[in-house]
Amino acid sequence: MKNGSYEAEGSVFSFSLLVMSISHCLTHVAGSIHAAIFPVIKEEFTLTNQQLGVIAAIPALFQVLFTVPAGLLSDRIGAKELTALSIGMAAAGALIAGLSGNVIMFTVATVLLTLNSTFYHPSAS
């Protein structure tokens with residue numbers, strides 16, 4: 001193996017690792033960013049702390065319920081397709097969150113953003 005070809009392979013590997021690391025980081029950020037804006041959501045929708053707690057618990061419940069089906073779906077349809085699905089879920093969740101006019105739509109958005117991570121992980125490993 002030539003030294004030049006090894007460097008070319010190493011740079012592609014480094015770039016792929018960088019892209020994968022950044023997308024992994026953004027996946028986790030998207031799934032948990034809603035907690036950072038809870039004070040704004042509380043004021044915007046005039047919610048109590050208990051209601052905020054329910055909004056925080058619902059995405060985690062959906063994540064638990066969809067973890068095994070996401071792994072099975074990854075085996076069935078393939079990693080690239082499931083990764084594309086997770087990116088679509090993140091985009092839809094972000095769009096819905098930005099346009100939500102009530103707390104139910106915001107909760108749906110946070111569920112989609114959290115499920116993004118659930119569907120991303122089996123296909124990315």
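Which residues are exposed on the other side of helix 4? In this predicted model, helix 4 covers residues 79–99, and its buried positions are L82, S86, M89, A90 and G93. Viewed along the axis of helix 4, these buried residues fall within an arc of 100°, so they line one face of the helix. An α-helix has 3.6 residues a turn, so residues three or four places apart point the same way. On the other side of helix 4, the exposed residues are K80, I87, L95, G98 and L99. The length of helix 4 was also examined: at 1.5 Å a residue, its 21 residues should span 30 Å, and the end C-alpha atoms are 30 Å apart, which agrees.

The largest nonpolar core comprises 7 residues, namely F38, I41, F45, L47, L52, I55 and F106. At least two residues of this core are supplied by each of helix 2 (38–44) and helix 3 (49–77). Another core, of 6 residues, lies apart from it and includes A70, V111, L115 and F119. Within the largest core, F106 touches H34, I37, I41, F45, I55 and S100 when residues up to four places away in sequence are not counted.

Helix 5 spans residues 103–124 and contains T118. Because its relative accessibility is 6%, under the 20% limit, T118 counts as buried. With neighbours within four places in sequence left aside, T118 is in contact with Q63, F66, T67 and A70.

Terms used
Residues numbered from 1 in each chain as written. Predicted model: local features only at pLDDT ≥ 70, side-chain atom pairs only at ≥ 80, totals over all residues. Heavy atoms only, no water. Helix = DSSP H or I, 4+ residues; strand = E, 2+ residues; numbered from the N terminus. Expected span 1.5 Å × (residues − 1). Buried < 20%, exposed > 50% of the residue type's maximum accessible area, 1.4 Å probe, protein only. Arc of directions from axis to C-beta. Contact = heavy atoms within 4.5 Å. Core = buried A, V, L, I, M, F, W, Y, C linked by side-chain atoms within 4.5 Å.
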